[in-house]
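Biologist: I'd like a close look at one part of this model, the surroundings of the second ligand, with the other sites brought in for context. Take your time and link things up as you go.

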Amino acid sequence: MEYDFIKTRLAPCGLHCGKCFAFKEGDIAENSQKLKEQLGNFSVYAERFVDMLNKPVFKKYTEFKEMLDYFASGECAGCRNEHCKLFKDCKVRACSEQKGVDFCYQCPDFPCGNTGFDKHLNERSVKINKQMKEIGVVNYYSKIKDEPRY
Ligand code: SF4
Ligand code: SF4
């Protein structure tokens with residue numbers, strides 16, 4: 001796997017944009033688009049199935065579709081292309097550019113207190129970066145690329 005491609009998937013903080021629900025080229029958005037296509041005009045049938053099949057669960061189709069439409073609309077081009085849509089206070093991308101590093105573990109100040117993340121996210125980022133430092137970015141990505149982010 002090419003390092004440059006991996007940088008389109010892993011943010012400087014180490015989080016996996018590729019599995020983020022907001023990432024437009026991500027698995028969640030792409031699979032949601034496919035499911036939308038497969039469901040076609042299911043709304044009409046969902047209403048009928050409530051009584052026809054005696055399945056009240058189909059009453060929830062409208063809410064489900066709303067969520068599916070949202071997931072299918074992934075609108076983020078990834079951390080290195082635009083400001084993260086989830087973590088508004090993130091300082092890592094701008095900081096990593098200033099420091100001239102691709103990932104935080106390559107920075108002489110790592111681990112720092114300057115991420116803008118909350119405690120949980122900061123710990124996660126440090127843990128990921130330590131793994132990347134230990135086994136290398138390519139090996140780390142190969143290991144986690146198919147794992148869910150959530
Ligand atoms: S930059 Fe933020 S919102 Fe965009 S894909 Fe990465 S984690 Fe998700
Ligand atoms: S100072 Fe902190 S946030 Fe900035 S690149 Fe270094 S480790 Fe990452």
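Where does ligand 2 sit?

Modeller: Ligand 2 sits in the second largest pocket. A bit of housekeeping before the details. This is a predicted model, in which local features need pLDDT of at least 70, side-chain atom pairs count only at pLDDT 80 or more, and totals for chains, interfaces and linings use all residues. Residues are numbered from 1 along each chain as its sequence is written, chains are lettered from A and ligands numbered from 1 in the order in which they are written, and side-chain values use heavy atoms, with hydrogens and water left out.

Now the terms for empty space. Rolling a probe the size of a water molecule over the atoms shows where empty space is left. Here that is done on a 1 Å grid over the protein atoms alone: a cavity is a set of points where a 1.4 Å probe fits but cannot get out, a pocket is an open set with protein on both sides within 12 Å along at least five of seven lines, and lining residues have an atom within 4 Å of a point. Points are joined across faces, edges and corners, and a volume is the space filled by probe spheres set on them. "Sits in" means that more than half of a molecule's atoms lie within 2 Å of the grid points.

So, to your pocket. Its volume, for the second largest pocket, is about 190 Å³. The lining of this pocket has 16 residues, and Cys 95, Cys 104, Cys 107, Cys 112 and Thr 115 lie nearest the centre. Helix α5 gives the largest share, four residues, and α5 and α6 each supply at least two (helices are DSSP runs of H or I with at least four residues, strands are E runs with at least two, numbered from the N terminus). By class, the lining has nine nonpolar, five polar and two charged residues; Ala, Val, Leu, Ile, Met, Phe, Trp, Tyr, Cys and Pro count as nonpolar, Asp, Glu, Lys and Arg as charged, and the others, Gly among them, as polar.

Pro 111 belongs to the loop between α5 (92–99) and α6 (119–135). Most residues other than glycine have a negative phi, and most peptide bonds are trans. On the phi side, Asn 54 is the one to look at, with a positive value near 55°. Asn 54 lies in the loop between α3 (42–52) and α4 (61–72), and with a relative accessible area of 63% Asn 54 is exposed (buried means under 20%, exposed over 50%, partly exposed in between, with a 1.4 Å probe and protein chains only).

For comparison, ligand 1 sits in the largest cavity, and the structure holds one cavity of 30 Å³ or more. That cavity is about 160 Å³, with 17 lining residues, among which Cys 17, Cys 79, Cys 84, Phe 87 and Arg 149 are nearest the centre. The cavity lining comes to 14 nonpolar, one polar and two charged. Around ligand 1 itself you'll find Cys 17, Cys 20, Ala 22, Phe 23, Cys 76, Gly 78, Cys 79, Cys 84, Lys 85, Leu 86 and Arg 149. Despite all those cysteines, the disulfide count is zero, where a disulfide is a pair of cysteine sulfur atoms within 2.5 Å. Cys 79, for instance, has the sulfur of Cys 17 as its nearest cysteine sulfur, 5.4 Å away. Cys 79 counts as buried because its relative accessible area is 11%, and Cys 76 is buried at 9%.

The lining of the largest pocket divides into five nonpolar, three polar and six charged.

Technical notes:
A residue is near a molecule or strand if one of its heavy atoms lies within 4 Å of it.
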